[in-house]
Amino acid sequence: MNKPKMASEKGNSRVQILLTQLEKMTGDSMVRDPEMARQITSKLLHLIQTQGKRSRKINTTRDIQTILNILCILSELLTLGKGRRVGVFVSKGGTAVLLRILINANKEFHPNEELMLHLHSLLAKVGPKDRKLGVKARLTGALHVTINLIKKNLQNVKLVLPCLQVLRVYSANLVNAIALGKSGAIDMMFKIVAPYSKKNATNAFSCACNSLYLLILHPETNARRTVEGGYVPTLLALYLDWHRNDTWHRHTVIRKGLLGCLRNVTNIKLGRRAFTKADGMRILYNSSTECLSVRTLDPLVNASSLIMRKCFPKNRLPLPTIKSAFHYQLEHVLASGPVAQLYSQPPGVDDVVDESDDNEDTEADTENDTENEEDEKDCRSLNDDIEKDINKLNPQKIPSRPYEELKVYEKFFMELSQDFQGFNFGSSTTSSSAQSAQPIVVPTAQVPSPNHVTARISALKATQSPLLLEGIAIRCLAGGGSDCGSEGAEDEVGEGAVLEVPDTAQLLPLHDLDLYVEMVKGTKSVPSYTEVAYPDYFGHVAPTYREPLLERLYGVQRSKIFQDIERLIHPNDIMDKVFSFSSDTSFLVDSILNRSLRFNSQFESGNLRKAIQIRKYEYDLILNSDINSNHHHQWFYFEVSGMRVGTTYRFNIINCEKSNSQFNYGMQPLMYSVQEAISGRPCWVRTGTDICYYKNHFARSSIATGGQKGKSYYTMSFSTAFSHKDDVCYFSYHYPYTYSSLKMHLSKLEALRAPEIYLREDVLCETLGGNSCPLLTVTAMPESNSSDHICQFRNRPLIFLSARVHPGETNASWVMKGTLEFLMGPSLLAATLRESYIFKIVPMLNPDGVINGNHRCSLSGEDLNRQWQNPNPELHPTIYHTKSLLQYLAHTQRAPLVFCDYHGHSRKKNVFMYGCSLKETIWQSNISTASNDIEEDLAYRALPKILSQIAPAFSMASCSFVVERSKESTARVVVWREIGVQRSYTMESTVCGCDQGKYKGFQIGTRELEEMGAQFCVALLRLKRMTGIHSHQHLLDLESDLIGTQPKVVSCPTTYVMDEDEPSFLEAVDYSAESNDEDTEVDLGAAAAAASATTDTGEVPELLSDSENNRDAWKSEPVTSSQ
Ligand SMILES: [Zn+2]
């Protein structure tokens, strides 16, 4: 027993020596000689260690004094040296020693307060550097020492603060947090966390908030304990108290801390209930509204908004069923799949919400977490989705159907057998020159001069058209007669009156009003529409100016969300007046009496299902789902009338499904004003302010999400004012292009055809809805019926084009229109193109979808671009027969040189292509096969490369040539693999705008889209030169003139981009929660950490941070591809 004492005494004397040495070294010299200081500390440390081990029965007073001295020195040394010295201290086992001293000291009946204070201060300082401190503290029992110390000294702020700081480090460990919860730490915290007073606005308070935050962050038991202890009202009361008293905003850290606690506690269902019961929504709403004016309080507002959105009770979409409002009875239903499910759904089943759709805990950790899970899934599927099966990757012609079966398709290729005997070639030249007097304008995106656009106004008897008469009559009745006239022209608009229509014949050579009405009459829709929308009737003349991408204002989404929350807080202010579009017209009378807006979408491609007036000038709109489906809402097209001039209306489309949208990135919806049209400006214009797209509080049933529970819909919100009284306006997702428009355009093209052009329009097949699917053949007439000329004619390579398999992608039709107009045009380039190729074009693969306002599917309720592998002749006739055409060609050794399917892309900018490359797929998928061994012709790259050089909207960087598993039944992949077309593409055009090239910063318009279609043709000519089929050197100059730009060098390698959505690296903004307070977070984190310990550790989780959950929320959507 003597020996240890001796040793410790000896040790103590050495400590004395060291201390003396240290005393000699003034602070000044210590800085100068850090090496010396380190030596001394190291020795000191060793001494403490040995002492700790041996001194069990040392003279308390004296040793405590010594220990205190040492602790003081250590403290000073560690403060001076910052992180590095703390690191040394931890690595030498310093924290273990401190804990041991703590345990020993605690064994005394009255532990020395000063010693405890120093020990905890030091632990708080070095703790964050020691990853294992939490475990050590638990194993040694120090955890309980600290918590008991706090319990006994609640009033002793000086002592409690360092203890809390240490506790905070401890509770970052999950097991500790559970243990602390069990030993009453939460109750204890609520004794410290008190209402505002100048006195308690201290570090201790803020620190307690932080510890509490961590305690209830993870183990659900602690959150539960907090709720069951009745502390949710306490937290709310505390927050409100601090909000009211902290008038100078000096303690936002504390306020944020309290919100953080609320946020964690509302992660569980019990907490959300308690929050709602304690009037949390109103408290946070009111306090946030008061904070709105102070920009520095944004983190508080955002944190509050996050909590409120989480606790917002999920509402039911105000519909009896989410099944499409219109039903088309299928004769054949496949045995399985979503359509079969839809058909087998027993009547009476509620498909709008799930039974217990009360914000399940499983999904509601925070609302962004749910999205993160999806994102992870995406990342996984992104890698998993790459085709790795070499056999599937090798483009092999799969033994196609027997020739006997395909022979019937011969009739679609008459040009390959026709001999033109008896055809008068002589007359063709004369009639062609006569034709050139009225040329088809080659579409370019060059903005025409304004005087070119002044349209003549001519009178046209609207009475000729019974289809339109009805609409006009109703509208004038609604306008109230005498109210008419602000714009002059509409005075004459009335029943049976003459309607002034814009004469756009020169600007729109393919448009003809009467012809359009004729076409509509032959179009068969499921709801049997009888009305014609004015924009489709008058036509659209692209504006003379380019429309810039809309700059998003700060806080737009937040203010919209706050308005949504107001619905809950002030339910009496909500009108909730429903306008359904059933045949009854009572709502019409009602809306006239109440001067509310009138909605209509009973025309081709229209798809509004329901409108609900929420406030005087605010409407919730519900889109119809695709026929035979219970979802796919994105495309919209509807009519509005009965508006007041100069009033700003807010429209919310509340059943959107995708988790992000280009509406968050500068895209505006389109509006068409009839008053503007009859005043000579018939055009769709980008309209709307305060546009945003965010997750809302309407629950989405698992029936519609493919089994996923707890999902919400999204709101697309925009505001707009109307400038004409008694106007009829239309809103649309993108420039509409109806099936009737296509038929009209084709008919006009045929009528305007020059004799040297070979144009044939066949009906490929009938659709399910009884509409015909046109197939066009375009080439040049043979020069004569000499066998040489006929031979050249027949041997021209084929180009196969298709578009609009997805009805919501109207941009694809505008690109196709550009292609067709160019092809049929009078230019020398077009003539050469026709002489070089035979074009086979299916301009609309999904007429039924287009007619009925679907977004993605056909009447079979299926995505037709997922049926190419095995199309069903009954359910997918257009795909079945288009594929057969290609199979026929493959069989006769005439497989096309290029296949391209035009699409629209909803979440990316620019125009780009997807192709198929074996090598690039293997390279991306890291299959062991060395991709170097594989021989692959790089021909597939030529066309997109040319396009990137000549088409301003086209971006090579967005192209991808990877074959994905999820795309194995798309046109592109099947035509590549089964038909053996190496140049098989999907061309995607943005619905939004461009972020590169000449159109950078602008939204895309029909002029640019049509130009894209024309440039595609030009690119085919250049491709022809490259493939060396013929040489037309003289065309080079012409081509350059048309292009207007020197080819730029594009050498960027293509990356593997998700073919869907906003790529995650492009626009890294989280608009789903809009917590733009990252900067503030950093400050806050630093402040919180500075209150306790060193900050450079990174091992203590960043406290009170919302950003951790939001950081990844903008990542791209789950794979629901657009192609
Ligand atoms: Zn598509």
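Analyst: Glu988 sits in strand β20, which spans residues 983–990. The model is predicted. An unreviewed UniProt entry annotates Glu988 as "active site". Is Glu988 buried or exposed? Glu988 is buried, because its relative accessibility is 0% and the cut-off for buried is under 20%.

Burial is also the theme in strand β16. This strand covers residues 798–803, and six of its six residues are buried. Both of its faces are covered. On one side lie Leu798, Phe800 and Ser802. On the other lie Ile799, Leu801 and Ala803. Each of these residues is buried.

Which strands pair with β16? One is β17, residues 838–842, joined to β16 by five bridges and running parallel. Within this pairing, Leu798 has Ile838 of β17 as its bridge partner. Another is β18, residues 898–905, also paired with β16 in the parallel sense, over five bridges. In general, the strands of a sheet pair through backbone hydrogen bonds, either parallel or antiparallel.

Three bridges join β4 to β7, residues 637–641, and the two run antiparallel. Among the paired residues, Asn600 has Glu639 of β7 as its bridge partner.

Now the surface. Leu174, Val175 and Ile178 make up a nonpolar patch there. Together they have about 230 Å² of accessible area. Leu174 belongs to helix α10, residues 174–182. How exposed is Leu174? Its relative accessible area is 44%, so Leu174 counts as partly exposed: the cut-off for exposed is over 50%.

To recap the annotated site: Glu988 lies in β20 and is buried at 0% relative accessibility. The "active site" label comes from the unreviewed UniProt entry.

Methods:
Residues are numbered from 1 along each chain as its sequence is written. This is a predicted model: local features need pLDDT of at least 70, side-chain atom pairs count only at pLDDT 80 or more; totals for chains, interfaces and linings use all residues. Side-chain values use heavy atoms; hydrogens and water are left out. UniProt positions are given in the numbering used here, feature names are shortened, and annotations may be inferred rather than shown by experiment. Helices (H or I, at least four residues) and strands (E, at least two) are DSSP runs, numbered from the N terminus. Buried means under 20% relative accessible area, exposed over 50%, partly exposed in between (1.4 Å probe, protein chains only). Patches are made of residues with over 30% relative accessible area and no salt bridge: like charges are joined within 9 Å, nonpolar side chains (Val, Leu, Ile, Met, Phe, Trp, Tyr) within 5 Å. Accessible areas come from the Shrake-Rupley method with a 1.4 Å probe; for residues, only the protein chains shown count as cover. A salt bridge is a side-chain nitrogen of Lys or Arg within 4 Å of a carboxyl oxygen of Asp or Glu. Two strands pair if DSSP finds at least two bridges between them.
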